Amino acid sequence: MKHEYDIVIVGAGLAGLRAAVEIGGDTRVAVLSKVFATRSHSGAAQGGIGAALGNEEEDHPEWHMFDTVKGSDYLGDQDAIEILTEDAPRAIYELEHLGVPFNRTREGKIAQRAFGGHTRQFGAAPVKRACYAATRTGRVILDTLWEQSLQKGVAFYDEYQILSLIIRDGQCGGVVAYELATGKLHTFHSQAVLFATGGAGKIYKTTSNAFASTGDGMAIAFRAGAPLEDMEFVQFHPTGIYKLGILISEAARGEGGILLNNDGERFMERYAPVIKDLAPRDMISRCMLEEIRAGRGIRGQDYLHLDLTHLGQAVIESKLAEIASFARTYAGADPVKDPIPVQPTCHYMMGGIATDADGRVVVDRAGTPFPGLYAAGECACVSVHGANRLGCNALLDTLVFGRRAGIEMQRYIRATGSPHRSAEPEKKDADRLRGLMESKGRERSGRIRAEMQATMMDKVSVFRVQDGLRAAVAKIKELQERYPQIAIQDKGHCFNRDLLDAIELGHMLDLAEVIILGALYREESRGAHSREDFPARDDTRFLVHTLFGYDAIRGPQIFTKPVKITRFQPQERKY
Amino acid sequence: MKCSFTVYRFDPAVDKKGRYQEYTLEAERTDKILDCLNKIRWEQDPTLAYRFSCAHGICGSDAMVINGRIELACQKLVKDFKTGNNFVIEPLPLFSVIKDLIVDMNPFFAKHRHIRPYLITAGKALAEEFLQDAAQQAVIEPALRCILCASCTAACPINRANGEYLGPAALLRAFRYIFDSRDAATDSRLVQIDSPEGVWGCKSMRWCTDVCPKGIPVTKCLGQIKRLVKQRAQGPSREPRP
Ligand SMILES: Cc1cc2nc3c(=O)[nH]c(=O)nc-3n(C[C@H](O)[C@H](O)[C@H](O)COP(=O)(O)OP(=O)(O)OC[C@H]3O[C@@H](n4cnc5c(N)ncnc54)[C@H](O)[C@@H]3O)c2cc1C
Ligand code: FES
């Protein structure tokens, strides 16, 4: 089937919906999502969203900017970070006016709490900057934006999974999508496409991400000619529930929770004397693994304790309700009485599709746009998070840059004519699906996926070293070679998960390769990328973004681009 | 340990009506029911269909009937059941089945849209936030836990008898806006649901409250709406709120 819109948005998380709210009504907009809109993983965000409102104590966007730059280990582009932090208060007030039910201070203003790496006066002490709705911040913002989009007449295509972009003469003119309920292919013609497809945590074995977080957008854009930027920077969140990876939000530590080792020692005091348990995520995850390596994991095992017992029942039930229930259900630990067993869990992709601050996908060092193609949210790399994202800045990123992408797309479609139609744009996808469905091979995607996840977890997570990375790249290449042998067992056309699993796996293998190649290239330690063989940051060689372009024959091709430094010169990063 | 799963199956391409299929698998006591379904799909039968995404009770995808009770498959562990190692898994009642455990949720969301699920304000342009008392905010807090999983509406016996009834989930969302002190459309919202298809459809059977996987006191919230509707009928309409 064929559909016509001015703008197609792929992804109904916060980034996609914020863009939809901006342009819905004036423009014919379709939002496609492979899961029903409100099931998008933005709904899982717990802790909060950062903005220097100063409702609880003095705060300034400039301090927020500094923290974000420092948190990024000086790899974030400072012009973009300035936009992010300056626009933050407006973005929050706007959400509040749209109906988001934030928690309140005594005076009735939006309440704020402390979060890792957010400080006052350029690092002097933690500051309360995270606006929140209990531990359901993502859920309530997602609901609000979805309901606003419905009101604006945005067309939703839920449970439509996009397979490819329609590109003609170098210009993007729509997408090809697979309807889950029928197995039919649909072509959506439009003048612009926004990718807001979220993260790719499922590349790793232990993750806080949803099953749907398979990096489709990044991989599809990559194959269509959009470079991926800074993919080696993968965030491991310190407090995933042991073995399961389910997130216990940093809000737990923002409210006063502490990490303990087997000796009952609050070990973060040793590593970050000033802000302790509120140090940034990359640092805490490393410290936790150091403790475990030194034999101070709980009962000598590979986890530590997150202790909230001193906070008291009232605080836990009112401000941390959701995570208390996760701990009870999944870890069998009642946080009022027991410490929660935790270990680092794959959480966030700092890298993604290279874009500028208006959501335009850019294809080279000079920032030449890919006509008609836009990206925002976790799948994009603006870059505001650099080598390590601070908590509460991801939701902010989706809102600020989702909106800016919306505004820019609207300007673009008014100034530009429709792209030429390609004939039968869905034919390639139809052939590919048929090939997969008819394959007589002996592989199962589940097996290849498990091997990929184990390899990435083992060799490409918090600590990395050259030999391990080389072995990992070889393993991923082997899996890519086995991939065409996958046979789809489900021959039906209605909710064929078997087929979709295989397609998503293909995307993840592409991304895994780029992550490892970036990690091999970057012979230094910066932010979330920690090379044991190169433990120091090396600004002379590596104060640059790494980008990979797709090349079907030679494999991913690397190039670099300078970091934009405006106000804060790189310094040693101490907390 | 060995577990047996008896799972409802229906494939629109071949089946005229639903049937049950049995699977045996090895599971840990701490496995989620969702993990077990995944194991069946990955290891034995890739054709089994069900919705899922977040795997920790936050996205609302996987409400289904487990051993006769509506639950989220990702929020219940094997050890939570006293039925030995035997499980019977069926799709949500009330809705029509598309395939296996996947039901058609369109009617559910149509009702959701009907209650005008968005804040309606007096249109005052503010540079900063609307002030809201923490206690006022706390009134709607229970409703904010809703993940639109449809468990309550599927469970509600009234809904089965009267297809026009809005049902607990949509009414709970109405509650969320009616009691939001920032909303200026309270009166018209109350008028809209002052009917047997609206809030008076609720006979306080409490099945919704019993099954809610987020522990929302749904019946109580609906009761608060009923009281407000009555007050409004008796007294002068409340001041429109800022
Ligand atoms: C457990 C958890 C807690 C978090 N807490 C916080 C927090 O407190 N504060 C904070 O700032 N950040 C937090 N984050 C990070 C933040 O939530 C995410 O980075 C952000 O929500 C991503 O939003 P998004 O709109 O980019 O993507 P998502 O919300 O992930 O949405 C992606 C969308 O793309 C769609 N999609 C993907 N592929 C396809 C395809 N092929 N075809 C069609 N549709 C597709 C999906 O269906 C979905 O609608 C948290 C993350 C996690 C996992
Ligand atoms: S999978 Fe999200 S609620 Fe169960």
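**A sheet, a helix and the cysteines**

In the predicted model, A:Ile241 stands opposite A:Val342 of S16(A). The strands concerned, S13(A) and S16(A) (residues 340–349), are joined by six bridges and pair in the antiparallel sense. They belong to an open sheet of four strands in chain A, with the order S13-S16-S15-S14 and antiparallel pairing. At the edges of this sheet are strand S13 (234–241) and strand S14 (258–260) of chain A, each of which pairs on one side only. From one strand to the next, the twist averages 45°.

Helix H8 of chain A comprises 13 residues, 281–293. The distance from its first C-alpha to its last is 18 Å, close to the 18 Å expected at 1.5 Å a residue. H8(A) is mostly covered, since ten of its 13 residues are buried. After H8(A) comes A:Gly295, which has a positive phi, near 85°.

Over all chains, the structure holds zero disulfides. A disulfide is a covalent bond between the sulfur atoms of two cysteines. For A:Cys346, the closest cysteine sulfur is that of A:Cys379, and because the separation is 16 Å, the two are too far apart for a bond. A:Cys346 counts as buried because its relative accessibility is 0%, the cut-off being under 20%. In chain B, B:Cys221 is likewise in no disulfide, and the nearest cysteine sulfur, that of B:Cys208, is 9.4 Å away. With a relative accessibility of 2%, B:Cys221 also counts as buried.

Note on methods:
Residues are numbered from 1 along each chain as its sequence is written. Chains are lettered from A and ligands numbered from 1 in the order in which they are written. This is a predicted model: local features need pLDDT of at least 70, side-chain atom pairs count only at pLDDT 80 or more; totals for chains, interfaces and linings use all residues. Side-chain values use heavy atoms; hydrogens and water are left out. Helices (H or I, at least four residues) and strands (E, at least two) are DSSP runs, numbered from the N terminus. The expected span of a helix is 1.5 Å times one less than its number of residues. Buried means under 20% relative accessible area, exposed over 50%, partly exposed in between (1.4 Å probe, protein chains only). Two strands pair if DSSP finds at least two bridges between them. Axes are lines fitted to C-alpha atoms, for helices over the stretch in contact, and angles run from 0 to 180 degrees between N-to-C directions. A disulfide is a pair of cysteine sulfur atoms within 2.5 Å.
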